[in-house]
Structure formats: structure tokens, C-alpha cells
Amino acid sequence: MISLAADFGGTRIKLGVVRDATVMAQSVIAAESGRHLTERLEAVAAGLEKLCEQAGIAPAECDGVGFSYPSIIDRRNARILDHFGKFGDASAIDLRGWAEQRLHLPLAIDNDARMALIGEWRYGAGRGSDNCAIITLGTGIGVSAVIEGQVLRGVHGQAGILGGHTTLRTEGGTCVCGNVGCAELLASTSVIDRLAREHPLFAGSALAKRETIDYAQIFHCASAGDECALSLRNRSLETWAALAVNLIHVFDPELIIFGGGLMGSADEIISFVRDYISRHAHTPWGQVKVAASELGDRAALLACEWLVHEDVEKVN
């Protein structure tokens with residue numbers, strides 16, 4: 001089986017050609033998520049066609065195209081239901097019609113965190129576990145779960161995926177989702193620059209010398225003893241760990257996988273979360289395992305092939 005794959009993120013769109021659980025070719029283009037999705041789909045199609053050429057196959061040889069997308073998805077009708085501040089026109093697009101017209105292929109689509117989990121569950125850190133959850137740390141915070149070997153989706157497609165919008169501080173600010181005090185609003189790439197500049201110790205911090213602030217700088221400066229960076233790092237770690245405990249209490253997983261763009265600091269994150277879970281999660285049956293993603297950017301791309309195959313099987 002050969003599938004085309006596109007993993008839409010807040011800052012990047014990862015593209016790939018996948019054959020029998022192997023990424024044959026992949027590339028990255030800018031998301032430009034402040035623009036309309038209709039303006040980026042042509043770049044996606046062109047990028048996929050170029051990858052096919054690199055892999056030595058024709059698009060017509062593919063079984064379908066899979067999209068991993070950061071929103072609530074009506075998978076049956078291949079429709080995006082919300083935009084969360086990205087690609088504002090997305091819900092108006094007939095993606096299945098676009099794929100058939102532009103690529104002459106059937107399209108399958110699901111939420112990006114769910115796709116990351118499917119990839120890890122089938123081919124990566126979650127192999128052998130039919131009860132697992134994922135937390136992806138990046139522009140936002142994505143969550144998904146597999147329970148007793150079934151991908152959790154729900155009647156409206158949003159079951160399990162809104163964990164990043166779990167309220168962790170009732171006095172917190174208002175999130176883009178409309179909720180208050182969300183985990184994503186407290187500790188994600190989209191907010192860390194602002195949170196750093198608002199911190200009372202910022203003026204005397206090495207972070208103040210940076211034009212823009214990201215988590216790589218936060219962790220680096222924290223390791224050097226910078227008090228502002230230490231405070232920001234510790235609050236973020238506590239936010240992610242508290243979210244993990246919430247997922248354990250809600251989904252009863254044997255394993256929680258951490259993935260996403262912040263996993264350059266995986267050792268610190270995993271170590272902190274394991275310790276926090278051991279102290280705070282109510283699991284009288286034993287300990288929940290915590291692991292880092294094994295597949296990174298390839299997880300959702302590999303899941304696209306699985307999703308296309310699942311949809312083809314249902315049609316046939």
C-alpha cells in the first residue's frame with residue numbers, strides 16, 4: 001500500500017510518501033496558518049507530487065491521501081469543524097472533493113494528536129499497548145487516547161482530543177477555545193514568549209536579551225540557574241505533569257507517550273512527569289509507564305497510511 005500524507009501544524013506542514021509503514025520520502029513547508037487553507041492546499045499538492053517524483057512513483061499508484069489536522073474532525077464526511085485560530089476558512093472546504101479533483105485520490109482525515117498517537121501505537125513507543133494516551137507539546141498541546149485497542153473518537157469526533165483545553169487554573173485567562181485556564185494557555189510554545197516577558201524576574205534574566213523566546217532557551221537558561229527561566233520551566237513541567245495525571249484518571253492508560261516539538265528536552269520532561277505521577281496519580285493497580293515518542297515527525301505520516309487503509313477497508 002502507498003499513501004500520501006500531510007501533517008498540518010501551527011508553524012509547519014510535514015509531507016510524506018508512505019509505503020508499507022515506511023516513509024519513503026518527506027519534506028516540510030511553512031504552514032502560514034494565518035492565511036486561508038485554500039491558499040496552502042496547492043502548495044501541499046505540489047509538495048506531495050514532488051515527493052512522489054523523488055520516490056520514483058506516480059500519484060496514481062497511491063491508494064489515497066491522509067491528512068493529520070489540528071481541529072475537531074467530522075471524519076465520516078472529511079470535514080474540519082473548527083479552526084482554533086488556524087486557517088480560518090478550513091470548515092468551509094470540501095477536502096474530499098478537492099483531493100479527488102486535484103490529486104485524483106480518496107482522502108482520509110483525522111485530528112493531529114490522534115494521528116500522532118495512532119502512529120506511535122502501531123509503529124512506535126506504544127507498540128504492544130492497547131491502552132495508551134499521548135500528550136504532544138508544541139504550538140498547542142494535543143491529547144488522544146486508545147482504550148482497549150480502540151481509537152477514542154466519540155460521536156462528534158472530539159472525544160479525547162481536548163485535553164490541552166482542560167482547565168488547570170480557574171482564575172486563568174481566556175483561551176482561544178473559549179475556556180479559561182487551559183493547559184495550553186499555561187504552557188505551550190504559542191504563549192511562552194508572552195509569559196516570559198510578563199514574568200516579574202524577566203528584566204534581570206538572560207531571556208531579556210533574546211528577540212524571541214522559545215522553550216529551548218527556557219530549558220537552557222534554567223540549566224544555568226537563571227531564576228526567571230527556572231520558574232517558567234518548573235511551572236510548565238508541573239502543568240504537563242498535572243495534565244498527565246488528569247489523563248490517567250480519565251482514560252486509565254497503561255502508558256502515556258510525550259511527543260511534539262519540545263522533546264529536545266525529553267529527558268527532563270519524562271523524568272519530572274514520572275516522579276509527579278508516582279506521587280499524585282491514583283493507580284492502586286500499579287504504575288503508569290511514561291515514554292518519549294520514538295517516531296517524532298514520522299508518527300502522523302505513518303498514521304496517514306493506516307487511516308487511508310482503514311477507510312478503504314470500510315468502503316470495500
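1. A quick definition before we start: a residue is called buried under 20% relative accessible area, exposed over 50% and partly exposed in between, with a 1.4 Å probe and protein chains only. By that scale Arg40 is buried, because its relative accessibility is 9%. Please keep in mind that this is a predicted model, in which local features need pLDDT of at least 70, side-chain atom pairs count only at pLDDT 80 or more, and totals for chains, interfaces and linings use all residues. Residues are numbered from 1 along each chain as its sequence is written, and side-chain values use heavy atoms, with hydrogens and water left out.

2. Arg40 has a salt-bridge partner in Glu32, at 3.9 Å from N to O; here a salt bridge is a side-chain nitrogen of Lys or Arg within 4 Å of a carboxyl oxygen of Asp or Glu. Glu32, at 35% relative accessible area, is partly exposed. The whole structure holds 18 salt bridges.

3. Two further pairs are worth a look. Asp7 and Lys14 form a salt bridge at 3.7 Å, N to O, and both residues are buried. Arg12 meets Asp297, with the closest N and O atoms 3.2 Å apart. Since Arg12 lies in strand β2 (residues 12-19) and Asp297 in the loop between β12 and α9 (298-315), this pair ties together parts that are 285 residues apart in sequence. Strands (E, at least two residues) and helices (H or I, at least four) are DSSP runs, numbered from the N terminus.

4. Now to β4 (residues 64-69), where 6 of 6 residues are buried. Gly64, Gly66 and Ser68 point one way, while Val65, Phe67 and Tyr69 point the other. Strand β4 pairs in the parallel sense with β1 (residues 2-8) over 5 bridges, and pairing requires at least two DSSP bridges between the strands. Phe67 of β4 is the bridge partner of Ala6. Strand β7 (residues 107-111) also pairs with β4 in the parallel sense, over 5 bridges, with Asn111 as the partner of Tyr69.

5. Elsewhere, an open sheet of 5 strands runs in the order β10-β9-β8-β11-β12, with mixed pairing. Strands β10 and β12 (289-292) are at the edges with a single partner strand each, so one side of each has no neighbour in the sheet. Within this sheet, β8 (residues 132-137) and β9 are antiparallel over 6 bridges, and Ala133 stands opposite Ala145 in β9.
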